[in-house]
Amino acid sequence: MAINEGGRCVSADIAAGLPPAAALFHSLADETRLRIVARLARGEARVVDLTGELGLAQSTVSKHLACLRDCGLVDYRAEGRQSFYALTRPELMDLLASAEQLLAATGHAVALCPMPSLAEDLAEQAGLS
């Protein structure tokens, strides 16, 4: 489920005994995938949109989208010759918001949430603002 050193998604990790929860968190342990997820939280996007907005190579975006698709977190819809990617599980944003709260509570505040107001609300709740 996460991309290994060879650049391929490793869905075989689960078959080899890696617990699904560990595979999920391993798949989210990459900054590029978190950036893609954050962007898709604002709405669907094509690979060309993601490459332009995130400043990444097309091959990089495609590789990480494939990983997120293997995890069941992202899918696409075809429209003509274009593919529009979107999050399949809105609960993912709840998970990231919870991670944001946990990090803020432990003194390691970061900006995981794609919506500034949500990140500010979480920081305020944790007494960091």
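## A β-hairpin, a helix and their side-chain contacts

Strands β1 and β2 form a hairpin with two residues between them, and Gly80, which sits in the turn, has a positive phi of about 65 degrees. The model is a predicted one, in which local features need pLDDT of at least 70 and side-chain atom pairs count only at pLDDT 80 or more, while totals for chains, interfaces and linings use all residues. Residues are numbered from 1 along each chain as its sequence is written, and side-chain values use heavy atoms, with hydrogens and water left out.

**The hairpin**

Strand β1 covers residues 74-79 and strand β2 residues 82-87, and the two pair in the antiparallel sense over six bridges. Strands here are DSSP runs of E with at least two residues, helices are runs of H or I with at least four residues, and both are numbered from the N terminus; two strands pair if DSSP finds at least two bridges between them.

Tyr76 has Tyr85 in β2 as its bridge partner. The structure holds one aromatic pair, and the rings of Tyr76 and Tyr85 have their centres 5.6 Å apart and their planes at 45 degrees, so the pair is tilted. Rings of Phe, Tyr and Trp (its six-membered ring) pair if their centres lie within 6.5 Å, and planes under 30 degrees apart count as stacked, over 60 as edge-to-face and the rest as tilted. Tyr85 counts as buried at 12% relative accessibility, whereas Tyr76, at 37%, counts as partly exposed. Buried means under 20% relative accessible area, exposed over 50%, and partly exposed in between (1.4 Å probe, protein chains only).

Arg77 lies over the face of Phe84, at 4.6 Å from the ring centre; a charge sits over a ring if NZ of Lys or CZ of Arg is within 6 Å of the ring centre and within 35 degrees of the ring normal. Arg77 also meets Glu79 in a salt bridge.

**Salt bridges**

Side chains of opposite charge can pair when their charged atoms come close. A salt bridge is a side-chain nitrogen of Lys or Arg within 4 Å of a carboxyl oxygen of Asp or Glu, and by this rule the count comes to seven. Among them are the following pairs.

| Asp49 | Arg46 | 2.8 Å |

Asp49 is partly exposed at 22% relative accessibility, and Arg46 is partly exposed at 27%. Glu79 is partly exposed with a relative accessible area of 45%, as is Arg77 with 35%. Glu91 is partly exposed at 39%, and Arg89 is partly exposed at 41%. Elsewhere, Arg39, Arg42 and Glu53 are linked in a network of salt bridges.

**Helix α6**

Helix α6 (residues 91-105) has 15 residues and reaches 21 Å from its first C-alpha to its last, close to the 21 Å expected at 1.5 Å a residue, where the expected span is 1.5 Å times one less than the number of residues. The buried residues of α6 are Leu92, Met93, Leu96, Ala97, Glu100 and Ala104. Seen down the axis of α6, these buried residues fall within an arc of 140 degrees, so they line one face of the helix; the arc is that of the directions from the helix axis to the C-beta atoms. The face of α6 turned away from its buried side carries the exposed residues Asp94, Leu102 and Ala105. After α6 comes Gly107, whose phi is positive, near 85 degrees.
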